[in-house]
2 protein chains.
Amino acid sequence: MILPKSRLSTGERQIEIIHAVLTLAAENSPDAITTQAIAQHMGLTQGAVFRHFPTREAIWLAVVDWVEQNLGNVIAAAVAEARDPVDGLRRLFEAHIAFIAAHPSAPRLIFNELQKPADHPVKQRVCDLLDRYRRRVTELLAHAKAEALVEPELDEAAAATLFVGTVQGLVVQTLLAGDPQTLQSAARRLWPLYLRAIGVRQP
Amino acid sequence: MILPKSRLSTGERQIEIIHAVLTLAAENSPDAITTQAIAQHMGLTQGAVFRHFPTREAIWLAVVDWVEQNLGNVIAAAVAEARDPVDGLRRLFEAHIAFIAAHPSAPRLIFNELQKPADHPVKQRVCDLLDRYRRRVTELLAHAKAEALVEPELDEAAAATLFVGTVQGLVVQTLLAGDPQTLQSAARRLWPLYLRAIGVRQP
DNA sequence: ATGCTAAATTAGTAATTAGTTACTATCTTT
DNA sequence: AAAGATAGTAACTAATTACTAATTTAGCAT
């Protein structure tokens with residue numbers, strides 16, 4: 001039996017705090033997550049949280065970093081195995097959906113920060129994240145076009161927006177349904193529609 | 001010159017408060033809008049707000065009602081003029097986008113409430129709203145299929161999700177861009193992609 | 001003009017928030 | 001085993017929150 005150490009290092013606690021936020025955001029609006037709730041979820045006192053992060057905002061920055069890091073890795077790994085750009089898009093889509101299924105609160109945390117005032121530092125970070133994501137999608141679309149795998153007159157920027165929207169639509173769907181189980185199956189039904197939207201040649 | 005009456009009726013103030021929320025939500029996360037901020041925006045004291053709404057939650061319910069009412073009217077009017085189901089979808093899409101352009105905070109307020117706990121009364125209202133919206137889209141798609149205007153094997157439910165996602169993707173886009181000006185033009189570029197997704201016959 | 005009604009103000013309340021401080025307990029290093 | 005470092009606690013603070021009650025005042029019908 002593993003005896004739970006009463007004292008953990010700052011590094012370990014930081015990860016715990018990030019996961020606490022991700023967990024708590026599953027049932028609450030992100031802004032409503034208090035440092036008290038985080039502490040309670042970890043079995044610590046509220047003051048202890050501030051041993052590991054200087055401010056509440058620092059926690060949210062760390063959460064965004066965590067999402068960027070993990071989603072980024074998952075996506076990079078998926079795309080790396082692709083045979084061609086269209087296959088890459090499919091793998092990217094599936095990897096993203098799998099990530100959301102594992103961390104349903106992640107996209108909502110991101111969207112939530114996106115609503116903050118423009119000068120907000122966390123929002124800036126989120127904008128960068130989404131910009132990189134969008135660029136990745138646009139590149140794959142451009143390559144697909146260059147290899148004549150999709151509609152030759154394809155508007156890549158619009159197609160990238162639709163890609164993001166497809167994922168976002170699924171997020172709304174699962175928020176309505178209430179359980180993240182439906183996500184994967186709904187995603188499978190949505191993908192053929194996206195393929196047709198970008199005018200991919202059917203196999 | 002119109003002399004501004006210093007005292008207005010509860011009915012008038014309620015509408016003012018709803019509009020204040022919609023305005024303030026343009027630059028802040030919805031949850032961060034306080035009754036103090038609302039009062040200040042109207043040139044009233046904070047206590048005055050509670051002369052016209054019993055609780056803060058009642059304000060948010062009124063805002064959701066307002067969105068449902070106005071978006072509903074706009075959409076109904078647009079669809080009524082349609083020549084056929086596919087034309088109806090286009091008009092519905094354009095009406096929705098025009099509404100968002102006029103009230104950019106509306107979709108974000110809706111999405112925000114969607115994140116609240118399941119038992120939250122405002123969330124319940126929002127779920128109903130989105131359900132009616134989705135049903136409307138699904139019906140149009142079913143009619144389009146019946147009239148052989150779209151892909152005969154079309155998955156209507158998935159196509160409805162993609163429709164919502166298309167709009168949502170544009171919302172994300174404008175949040176990133178920072179200004180709602182880009183919305184209309186981005187929407188025009190996105191629509192042909194959606195048409196292709198549902199396999200509509202090109203004119 | 002004069003009262004009546006209801007909108008608005010003023011000045012509160014209790015609860016909750018992020019963040020701090022003085023202190024204790026535990027681990028690591030030597 | 002002693003000493004230094006640091007995770008954790010308990011008990012605060014100052015600010016902000018939604019909400020309330022007593023009082024004042026504006027606008028209306030008569």
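Once neighbours within four places in sequence are set aside, T161(A) is in contact with G169(B), L170(B), Q173(B), A186(B) and L190(B), where contact means that C-beta atoms, placed from the backbone, lie within 7 Å. This is a predicted model, in which local features need pLDDT of at least 70 and side-chain atom pairs count only at pLDDT 80 or more, whereas totals for chains, interfaces and linings use all residues. Residues are numbered from 1 along each chain as its sequence is written, while chains are lettered from A and ligands numbered from 1 in the order in which they are written.

T161(A) belongs to helix α8 of chain A, helices being DSSP runs of H or I with at least four residues, numbered from the N terminus. T161(A) counts as buried because 25 C-beta neighbours lie inside 10 Å; the cut-off for a buried residue is 20 or more other C-beta atoms within 10 Å of its own, with C-beta atoms placed from the backbone. Within chain A, the C-alpha atom of T161(A) is separated by 9.1 Å from that of T138(A), which is 23 residues away along the chain.

The contact between the chains takes 39 residues from chain A and 39 residues from chain B. On the side of chain A that touches chain B, at least two residues each come from α6 (105-114), α7 (121-146), α8 (156-177) and α9 (182-197), and α8(A) gives the largest share, 14 residues. By class, this side of chain A divides into 20 nonpolar, 12 polar and 7 charged residues, with Ala, Val, Leu, Ile, Met, Phe, Trp, Tyr, Cys and Pro taken as nonpolar, Asp, Glu, Lys and Arg as charged, and the others, Gly among them, as polar.

The largest nonpolar core has 108 residues, of which V21(A), V63(A), A159(A), V21(B), V63(B) and A159(B) touch the most other members; such a core is a set of buried Ala, Val, Leu, Ile, Met, Phe, Trp, Tyr and Cys residues joined through C-beta atoms within 7 Å. Neighbours within four places in sequence aside, V63(B) is in contact with I18(B), V21(B), L22(B) and L109(B).

Methods: A residue is buried if 20 or more other C-beta atoms lie within 10 Å of its own, exposed if 12 or fewer, and partly exposed in between; C-beta atoms are placed from the backbone. Two residues are in contact if their C-beta atoms, placed from the backbone, lie within 7 Å.
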